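Here is a short briefing on a ligand shell and a strand. Please look over the sequence and the model before reading on.

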Amino acid sequence: MAFLSVENINVFYNEFQALFGVSMTVEKGETVAIIGSNGAGKSTLMRTIAGGLIPAEGLIKYEGSDTATKTAFEMNRMGVALVPEGRKIFPSLSVEENLNIGAYSGRSGQWTLEKVYELFPILKERRNNGGTDLSGGQQQMVAIGRALMSNPDLVLMDEVSLGLAPIIVNEIYTVVRQIAKSGTTVILVEQDVNRGLREADRFYCLLEGKVSLAGTPAEISQDQVSKAYFGL
Ligand SMILES: Nc1ncnc2c1ncn2[C@@H]1O[C@H](COP(=O)(O)OP(=O)(O)O)[C@@H](O)[C@H]1O
Ligand SMILES: [Mg+2]
């Protein structure tokens, strides 16, 4: 049985259907990329796995439990952490307070404030700064650090590179690799297809709410990827 399996889910925002029969599996320790153009349903899939949305149909199984109807807090307690698109840092709180929010689920494990500061030394220097005194890259580090503070077994990273300078993107991905290497399973959403494929063991491409292609980066041609991405 897979560590995570999503089976034929249909997800709606009121009347609007965003996901159509989406299925995917993730094994423990894998890094899996979700690629696809703007509006393809990537964030919807992440939110649904993380408990923020409940699929109208279909199943989600995480570590052997049916979790489709669990809340975000329950999923966090079970070891699933979302790094949301747009970072969602609390501007009125300090860096340290933002990080401590992640520990609210009360899971113990390798991640503590000190460990997060080792991973992102700049955050230690800025620990008392307000959430919005930070650069975009630093805010992204806070968002990742906050997720780690819940000691997740599965981290969902939604567009962690969006809007950041290339050098910062490289820094962020160096850390993502370290997180994966420490045994944490990672699902990363990337609009930058090349980056997504480079960082992942396997990928799924979404197109208009459906899986249009899946596989390992090595076995797929550029041409197949562009067709699956643009639907041409
Ligand atoms: N809160 C929402 N209410 C209504 N429609 C939404 C909402 N969020 C996303 N959508 C729609 O669902 C579709 C998928 O969006 P999303 O999952 O954000 O795509 P992606 O992350 O791939 O860019 C889009 O058509 C988007 O407009
Ligand atoms: Mg998105």
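Two strands pair if DSSP finds at least two bridges between them. By that rule, strand E7 (residues 154-158) and E8 pair in the parallel sense, over five bridges. The model is predicted.

**Pairing and crossover**
- From E7, the chain crosses through helix H7 (residues 166-181) to reach E8. This β-α-β crossover is right-handed.
- Strand E3 (residues 31-35) also pairs with E8. That pairing is parallel and has five bridges.
- Val32 has Ile187 as its bridge partner in E8.

**Burial of E8**
- Strand E8 spans residues 185-190, and six of the six are buried, so the strand is largely enclosed by the rest of the structure.
- Thr185, Ile187 and Val189 point one way from E8. Val186, Leu188 and Glu190 point the other way. Residues on both sides are buried, Glu190 included.

**Shell around ligand 1**
- Which residues surround ligand 1? They are Tyr13, Phe16, Ala18, Gly36, Asn38, Gly39, Ala40, Gly41, Lys42, Ser43 and Thr44.
- Strand E2 (16-26) and helix H1 (42-49) each supply at least two residues of this shell.
- H1 gives the largest share, three residues.
- By class, the shell has four nonpolar residues, six polar and one charged.

Technical notes. Residues numbered from 1 in each chain as written. Chains lettered and ligands numbered in written order. Predicted model: local features only at pLDDT ≥ 70, side-chain atom pairs only at ≥ 80, totals over all residues. Near = placed C-beta within 6 Å. Helix = DSSP H or I, 4+ residues; strand = E, 2+ residues; numbered from the N terminus. Nonpolar A, V, L, I, M, F, W, Y, C, P; charged D, E, K, R; others polar. Buried ≥ 20, exposed ≤ 12 C-beta atoms within 10 Å, placed from the backbone. Right-handed = clockwise from strand over helix to strand, strands pointing away.
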